[in-house]
Amino acid sequence: MDSSVVDLINSPVQSPSIDLINNTEERCDAWKFSLIGRLDLARLKFSEAVLNQKNQWKLEGQCKMNPLGKGFFTIKLDNDRDKMTIKAGRWEVCNQVLWIRNWIPYFRPEKHRTSHAMIWVHLPGLSLEYWDEKTLFTICRALGTPVKVDEATLNYDNGYYARVLVNIDLANKIPNKLWIKTKFGGFMQSVILTKPPKFCDHCKIVGHLQIECRAKKTSSQYFATQQSTSNTPKGVNTSSKEKFDICDPSIRTSSQVLEVTPKTFSKDFEAGEVGNCETPVT
């Protein structure tokens, strides 16, 4: 049998199976000079980001950029010099630092989850003698990895707060105040994170909020289904649309409810919970 033909009879799943093993090197060779970038495109149009970056890079060859989702995009290049130019520099797009890595085959954005984000940190009321890059980096290492200091801060253009871009792991507890010791005594310094991205405390990843989390909703629905199944007494018809009445209508107090509750009911029904149940109208 031809090796390119797949025998679907012996396939372990009931889905068409396609063999793309052959010519893999040939397909990947066209992307050997390419890179993968990432920006927070929720706050930035992709077309504007492309134009901004090409104007900064001033490349010799062709460059084509394609969005992949989740803020990731490919940077397809045709020569090694342009590739090294981009990798050697630190690039910013609308106050965002461009994240860069080498292109790899079978790159899927949904598998590259992260709890890290580039966030501008404000240090309100910080005395101006501490507004040099070395000192501000020392302070901000308590929050994450400092990336850069705002140009206006270094030039003392705004005396209300110092501004530093920090790579922060949102999965960790972020303090809102720092205790700073100096030769003249210590003081408490407030910390403000400006425009932090969406972060899910359930998944511990950037990209969505906990109330939007599909994983949490799925697990909650599964738990609710399992609990309702285990709490349903045997022999009870649950097909009726009316609520199952676990209360004797003549009984109102929680102490009396506990006396008449059948033994087959789950122990999870506490006195307060049973006393608050509704009795269907007959």
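Reader: Where is Asp 150 found?
Author: Asp 150 is in the loop between β8 (145-149) and α5 (151-154). Helices (H or I, at least four residues) and strands (E, at least two) are DSSP runs, numbered from the N terminus. This is a predicted model, in which local features need pLDDT of at least 70 and side-chain atom pairs count only at pLDDT 80 or more, while totals for chains, interfaces and linings use all residues. Residues are numbered from 1 along each chain as its sequence is written, and side-chain values use heavy atoms, with hydrogens and water left out.

Reader: Does Asp 150 count as buried or exposed, and why?
Author: Asp 150 counts as buried because its relative accessibility is 16%. Buried means under 20% relative accessible area, exposed over 50%, and partly exposed in between (1.4 Å probe, protein chains only).

Reader: What is Asp 150 in contact with?
Author: Leaving aside neighbours within four places in sequence, Asp 150 is in contact with Trp 120 and Arg 163. Contact means heavy atoms within 4.5 Å.

Reader: Now Val 164. Which strand is that in?
Author: Val 164 lies in β9 and counts as buried, at 0% relative accessibility. Not counting residues up to four places away in sequence, Val 164 touches Ile 119, Trp 120, Val 121, Leu 136, Phe 137, Cys 140, Lys 148 and Val 149.

Reader: How many residues are in the largest nonpolar core?
Author: There are 23, and Val 164 is one of those that touch the most other members, along with Val 121, Leu 123, Leu 126, Leu 136 and Leu 170. β7 (116-124), α4 (133-140), β9 (161-169) and β10 (177-182) each supply at least two residues of this core. A nonpolar core is a set of buried Ala, Val, Leu, Ile, Met, Phe, Trp, Tyr and Cys residues joined through side-chain atoms within 4.5 Å.

Reader: What does β10 pair with?
Author: β10 is joined by 6 bridges to β11 (residues 185-190), and the two run antiparallel. They form a hairpin with 2 residues between them. Two strands pair if DSSP finds at least two bridges between them.

Reader: Different topic. What is the strand order in the open sheet?
Author: The order is β2-β3-β1-β6, with antiparallel pairing. β2 (63-69) and β6 (99-102) are at the edges, each with a single partner strand, so one side of each has no neighbour in the sheet.

Reader: Which residue stands opposite Gly 37?
Author: Phe 73, in β3. β1 (residues 35-38) and β3 (residues 72-77) are joined by 4 bridges.
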